[in-house]
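Let's walk through this one together, one question at a time. Have the sequence and the 3D view open as you read.

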Amino acid sequence: MRAEREDAGTAAEGGPAGERPQPIGGAAAELRAGGAARAARGAAEILGPRRSARSLLYGVWYVTEHQLVIMRSYFTTILMGSVLNPVMYLFAIGVGIGAFVNSNAGGRGPGGVPYIVFVGPALLASSALTVAFEESAFPVMAGFKWQKVFFAMNATPVTGGQIATGMLLAMGLRVAFTVAAFWAFLAAFGAAPAAWSFLAVPAALLGGLSFGALIVAFASGVEDDEGWFTIVQRLIIAPMFLFSGTFFPLESLPLGLQWIGWISPLWHATQLGRVATYGLHEAPALVAAHILYLGALQAAGLFVSFRNFDRRLSK
Amino acid sequence: MKRDSTHRNATGGGISAALKSVALENADGSLISARGLVKTFGQLRAVDGIDFSVGKGEAFGLLGPNGAGKSTAMRMVASVSKRTGGELSILGMDPSLRGPDIRAHLGVVPQEDNLDLEISVRENLVVYGRYFGLPFSYLRPKAEELIDFAQLREKAREKVDNLSGGMKRRLTIARALVNEPDILLLDEPTTGLDPQARHVLWDRLFRLKEAGVTLVITTHYMDEAEQLCDRLVVMDRGHIMAEGTPASLIREHSSREVVELRFGSGRNEGTAAAISAAGLLGEGDRVEVLPDRLLVYTQEGEATLARVVASGQRPITSLVRRSSLEDVFLRLTGRSLVE
């Protein structure tokens, strides 16, 4: 196969004009030849005998690349959000509420560290999940329902599973950008004292990917938007934000409410972040459990997303 | 693999032999072949056992009213929608098994434009080309060429959201050409456009047809079918009612000319009976009663109209015209195409 490919390359590029292969789409190529600007080689010639080969290999990346082109068109707002959001929260909760909490607890907040250090990784993880929600729910709804771009993507060799994965990857890149910026502010506020505090970035990213995968699964299953996202925001995201050990340790809640934290991806991501930023003492088995739980949520989300995408695209 | 190399040695060529060894046609030489094709949605049989085939370089039409099953058939040919029954072969491959391989050779213009509204005209073309695995070195000049083809030079940097309906439609067609497809599928290409935008689009499609691109077009406009299609099938309620060239369909299923007569509401039915009874019709002529007018199918329109008027009937308006595919459809189904 390799020899044949190289052989093909010489024939196409170096061979005399008369021996140049005719592209399969010869008719369309004739049209191409009539245009003002023209590509040096036709599509059939570039793609080779099996025209879908590159799409099958790199389809996921093409979907991600497309999302990055879209994000470029509103990069200014992404940048403003990524700067203003951490500053706002760290001042209001870390510094403002922190002063009050610390003064009542002899200069130390929960976990024996200043309040801003305690709450910082939780705010970091929260920002990851918030962005993951925004960058999953609405683009997926737009893809199936509003602009129907997924149907356009699927008219090419790219498959439903590749589209779902590519959307998740693009969302992950956006979350990574947001949490990296947030972490820089944490460090600037002195809220990330540990040497390995940057590990809070992949921890928050893992949380964002897990939650995002669940949202992609949910959004791809919603055929008619009857205000479902508002319900998710009010009944899932808001309680998750309040009861995941974000502002106070989960243990201070009555046992009957602690389960909200245990199932919440936010709590697991937050605890991992705390281990990274200030060395919270968490048993190695528990650290592993946090990672595995988040990984499992992500796998489940992807599995359901694959099925939903295939079902809706192949109707 | 073995067969490939044997073939290559026999013809002594490099890539041309490798390309030719992939037979991009069905066993019977057609590009698309459907036999007893069925698609059901729950209880609804949207496509109910249709047979058709499309040859290379042909402009093939599916004509029928909304809900006839044209778009469903088209989505199966586009190798995305899975068929419920029957056989379908495209470029020698089964879409249920090799969807991505087939789609790599298709250009698809769906009924609803599904462009990316948030990015520019040029970005839409390049981004879409990427999905086929095409490199930027190919796509940059290709996008410029397609922008000219779609007559969108002034709008190249504009966000698609700001384009008119006709411009979006032209961009969707241009986008479908980015991979230099072997078959271009157009689902209702001009529905919802004003007459001027339709004519611009027809001109673009006609150029593709002249260049030898294989076209499959669904439409409920008989003028569109007559202008663009070499051959077509008339569809209704999931079935194919007739097949042929526009001219042969008219010859077989309609008369040469049609006289349209309006007598005012409530009077059409009675007048139709009177015209038939008075023996004003020639051999093989017939009268069709529509809610708003009478259609007299006849060989000699002017002569028939003259006889009707001479008999004392006074239509409010009258019109003599040649038969169209609309009349064929009416004859075959008892209903009109656009309701």
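Below are some questions and answers on selected features of this structure.

This is a predicted model, in which local features need pLDDT of at least 70 and side-chain atom pairs count only at pLDDT 80 or more, while totals for chains, interfaces and linings use all residues. Residues are numbered from 1 along each chain as its sequence is written, chains are lettered from A and ligands numbered from 1 in the order in which they are written, and side-chain values use heavy atoms, with hydrogens and water left out.

Q: How many helices and strands are there in chain A?
A: Helices (H or I, at least four residues) and strands (E, at least two) are DSSP runs, numbered from the N terminus. Along the sequence, chain A reads α-α-α-α-α-α-α-α-α-α-α-α-α. The count for chain A is 13 helices and zero strands.

Q: What percentage of the residues of chain A count as buried?
A: Buried means under 20% relative accessible area, exposed over 50% and partly exposed in between (1.4 Å probe, protein chains only). Chain A has 315 residues, and the buried share is 50%.

Q: How are H12(A) and H13(A) oriented to each other?
A: Axes are lines fitted to C-alpha atoms, for helices over the stretch in contact, with angles from 0 to 180 degrees between N-to-C directions. The axes of H12 (residues 265-278) and H13 (residues 284-313) of chain A come within 9 Å and cross at roughly 140°. Angles under 35 degrees count as roughly parallel, over 145 as roughly antiparallel, 65 to 115 as roughly perpendicular and the rest as oblique. H12(A) and H13(A) are therefore oblique.

Q: Is B:Leu115 buried or exposed?
A: You will find B:Leu115 in the loop between strand S5 (106-109) and helix H5 (121-130) of chain B. Contact means heavy atoms within 4.5 Å, and, not counting residues up to four places away in sequence, B:Leu115 touches residues including A:Gln147, A:Val149 and B:Val160. Because its relative accessibility is 2%, B:Leu115 counts as buried.

Q: Which residue caps the N-terminal end of H13(B)?
A: Helix H13 of chain B spans residues 325-333, with B:Leu325, B:Val328 and B:Phe329 among its buried residues. After H13(B) comes B:Gly334, with a positive phi near 75°. At the N-terminal end, a side-chain oxygen lies 3.2 Å from the backbone nitrogen of B:Glu326, and the capping residue that carries this oxygen is B:Ser324.

Note on methods. Polar contact = N/O pair within 3.5 Å; in protein donor to acceptor, adjacent residues only side chain to side chain.
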